[in-house]
Amino acid sequence: MTQQFMSDSVIRTKYGITGDATFDDTFSKVSLESIWFSIVASAIWVLESIFDVFRADVEERISSSVMASIPWYHQIALEFQYGDELVFDEETQQFVYPEIHPAKQVVKFAAARDLGGGVLVLAAGADANGKPKKLSTAVLTAFEGYMNQRKPAGVIMEVESHAPDQVYVYAQVQYDPQLLNANGELLADTSVRPVDVAVDAYLSGIVYGGVLNKTKLVDAIQGATGVVDIVLDRVEVDPEYAALPAPFEGNNYTSYSGAFASNNLNFTIEYVLSL
């Protein structure tokens, strides 16, 4: 403010200010001008401090409010603690756990889907290898009760847990005989089948609740050691509810269970010598 004040030509003329004189050089600290500037600066500082407090209060209220979005359902699903009871927090007006126990958070994978008239929540635990595993009946029952207590009133919600969708890949793979044998095994280590590893890595890498894409599956196989080329015949999927696996139309398939697992790759993939 003082710089703007000193740069005004009218003020400089009125006060007879010349050269590079500064405000402090021209006016003493007890001058009327200095006092007025101090009063204005203090008032501005007080106002900004009030706005900062108000903003912090608004942000706190927003953070404590329930935002029932799809990501919110995903987050609260992972917060479930098996064997613990929710309590009502009067301050936030929400059901919460008094204490957080990560060891009791048995839901390791979750996905929420908007059904238009409601929400579908898929959930799974994790097996010894960290892959999705169907929840037991006891855990699923407790989890469903937890989700119903935390969801906004009036929301229709379905809670499910299923074994991973089984994926059957029918393909013809041309292989390099310098790296693989006729069974698709590495010559350097016959316990490893690179194509199987590539398929499993791709399926495991699909986000829980996500989509299997044939193009990306082919790319994954094409990148496996010893693979020269691949001709994909079809991909069949066997979700938990189905009696038999069946091919799906188009390039994408949305998982029924939320996860995918390969099945019988050693029987469905044919290896052809590359000439």
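The model is a predicted one, so local features need pLDDT of at least 70 and side-chain atom pairs count only at pLDDT 80 or more, while totals for chains, interfaces and linings use all residues. Residues are numbered from 1 along each chain as its sequence is written, and side-chain values use heavy atoms, with hydrogens and water left out.

Side chains of opposite charge can pair when their charged atoms come close. Taking a salt bridge as a side-chain nitrogen of Lys or Arg within 4 Å of a carboxyl oxygen of Asp or Glu, the count comes to 7. One of these joins aspartate 84 to lysine 104, with the closest N and O atoms 2.8 Å apart. Aspartate 84 sits in the loop between helix H5 (70-78) and strand E1 (87-89), and lysine 104 in the loop between strand E2 (94-96) and strand E3 (109-114), so the pair ties together parts 20 residues apart in sequence. Helices (H or I, at least four residues) and strands (E, at least two) are DSSP runs, numbered from the N terminus.

As for accessibility, buried means under 20% relative accessible area, exposed over 50%, and partly exposed in between (1.4 Å probe, protein chains only). Aspartate 84 is partly exposed at 24%, and lysine 104 is partly exposed at 32%. Arginine 193 and aspartate 196 also form a salt bridge, their closest N and O atoms being 2.9 Å apart, and both of these residues are buried.

Then there is arginine 234, which pairs with glutamate 236 at 2.9 Å between the closest N and O atoms. Arginine 234 is partly exposed, at 29%, whereas glutamate 236 counts as buried at 10%. Asp233 joins in here too: Asp233, Arg234 and Glu236 are linked in a network of salt bridges.
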